[in-house]
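Q: Please take a close look at a single part of this structure. How is it put together, and what lies around it?

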Amino acid sequence: HVEPIIGMAEPYHYRNKVQAAFATARNGKIISGVYQSGTHSIVCVDSCLTEDRKADEIIVSIRNMLKSFRIQPYDERSGGTLRHVLVKRGFKTNQIMVVLVTSGPIFPAKNNFVKALRKEHPDITTIVHNINPYQTSLVLGERENVLYGTGKIEDELCGLTFRISPRSFYQINPVQTEVLYNTAMEYAGMTGSEKVIDAYCGIGTIGLVASKRAGEVIGVELNRDAV
C-alpha cells in the first residue's frame, strides 16, 4: 500500500547547496555550470529552477570576476586554477558559505578577490579556499583555508540548530526534510524507551530529531567531515 505523495507547495529554488564547475569555452569565454551527462563538457548555467537564487547569483558574480583577476578555470590538459565553486545557504538563518575549489594552494590576489566578492554580496557569511589537486570526480579536496569568517554556517531544522562545514552532509531541501522527518517520527510511534540507530548519519539530522522521542540514539558515520 502506497500513501499519497506529500509534495511541496512551491517546488522551486529549494536546493540550499549549489555547486558549479568552471571551464573556458572554445571561443575563450569563461563558463560555469553542470557537466553534461557522461561527459566532461560543461553546460553553462546562469540560473536553475531547483537551485537557490542567491547561490546562482554569487556563482555568476565569481565567473564575471575571474577575467579581471586573471584567474583561469582549471583544465585537465592545460592546467589552470579554479575548479569549482560551492555555495551553501541556511534558509532559516540566511547565513551563506562560499567555497572556492582550486587545483593547487596558490590563489592569485585572494585577499582582493575576497574583498571584491564581499562588496558584491555583503550578505556572505564565510568564504573558504579548498584545495583539490587530484584527477577525480570529487568536488572537494582534503585541505582548506578559511579566507573570511569562521569557515562554518548554521541553520535550523525541526527546532534544532546545526553547524555546517564545507564537507558536512546536510539535507539539500530543508522544507521537505522537515515534512519527511516529522512524518517518519509519526509513523515510528516511539514511546520514549526505544534505541534508535541513525546509520550513515552525516551531520545527524535524523538521529537528533528522533532523540526528542527516543530513549537513546546512536549515530554511525565513517566520514568525520560529514559529521
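A: In this predicted model, strand β4 (residues 82-89) and strand β5 (residues 96-102) run antiparallel and are joined by 7 bridges. One of the paired positions is Val 85, whose bridge partner in β5 is Leu 100. Strands of a sheet pair through backbone hydrogen bonds, and the pairing can be parallel or antiparallel.

β4 and β5 belong to an open sheet of 7 strands, ordered β3-β2-β1-β4-β5-β6-β7. The pairing within this sheet is mixed. Its edge strands are β3 and β7, the latter covering residues 143-148. Each of these edge strands pairs on one side only. From one strand to the next, the twist averages 35°. Within a regular strand of a sheet, the side chains alternate between the two faces.

β1 and β4 run antiparallel and are joined by 5 bridges. Here Lys 17 has Lys 88 in β4 as its bridge partner.

β1 (residues 17-24) also pairs with β2 (residues 30-35), again in the antiparallel sense, over 4 bridges. Thr 24 has Ile 30 in β2 as its bridge partner, and Ala 23 stands opposite Ile 31 in β2. The two strands form a hairpin, with 5 residues between them. In the turn, Gly 28 has a positive phi of about 90°.

β2 in turn is joined to strand β3 (residues 42-44) by 3 bridges, and these two strands run antiparallel. Gly 33 stands opposite Cys 44 in β3. β2 and β3 form a hairpin as well, with 6 residues between the strands. Gly 38 in this hairpin takes a positive phi near 75°.

Helix α2 lies across β5, β6 (126-131) and β7. Its direction is at about 55° to β7.

α2 (residues 110-120) also packs with helix α1 (residues 53-65), at an angle of about 135° and with the axes 11 Å apart. Angles of 65 to 115 degrees count as roughly perpendicular and those over 145 as roughly antiparallel, so α1 is oblique to α2. The crossing of the two helices is right-handed. From α1, the residues that meet α2 are Ile 58, Ser 61, Ile 62 and Met 65. From α2, they are Phe 113, Ala 116, Leu 117 and Glu 120. By class, this contact has 6 nonpolar residues, 1 polar and 1 charged.

Ser 165 has a relative accessibility of 17%, which is under the 20% cut-off, so Ser 165 counts as buried. Beyond its neighbours within four places in sequence, Ser 165 is in contact with Lys 88, Met 97, Gly 151, Lys 152 and Asp 225.

Arg 167 is in this loop between β9 and α3 too. Its relative accessible area is 24%, so Arg 167 is partly exposed. With neighbours within four places again set aside, the contacts of Arg 167 include Lys 88 and Asp 225. Leu 140, Gly 141, Glu 142, Glu 144 and Ala 226 are also in contact with Arg 167. Ile 153 is 14 residues from Arg 167 along the chain, and their C-alpha atoms are separated by 12 Å.

As for the setting, the chain has 4 helices and 11 strands. Its C-alpha trace spans about 60 × 35 × 35 Å along the principal axes. Of the 227 residues in the chain, 41% are buried. Among contacts with a separation of 6 or more, 55% are between residues 24 or more positions apart.

Conventions:
Residues numbered from 1 in each chain as written. Predicted model: local features only at pLDDT ≥ 70, side-chain atom pairs only at ≥ 80, totals over all residues. Heavy atoms only, no water. Pairing = 2+ DSSP bridges. Axes fitted to C-alpha atoms, helices over the stretch in contact; angles between N-to-C directions. Parallel < 35°, antiparallel > 145°, perpendicular 65-115°, else oblique. Left-handed = near helix turned anticlockwise from the far one by under 90°. Contact = heavy atoms within 4.5 Å. Nonpolar A, V, L, I, M, F, W, Y, C, P; charged D, E, K, R; others polar. Buried < 20%, exposed > 50% of the residue type's maximum accessible area, 1.4 Å probe, protein only.
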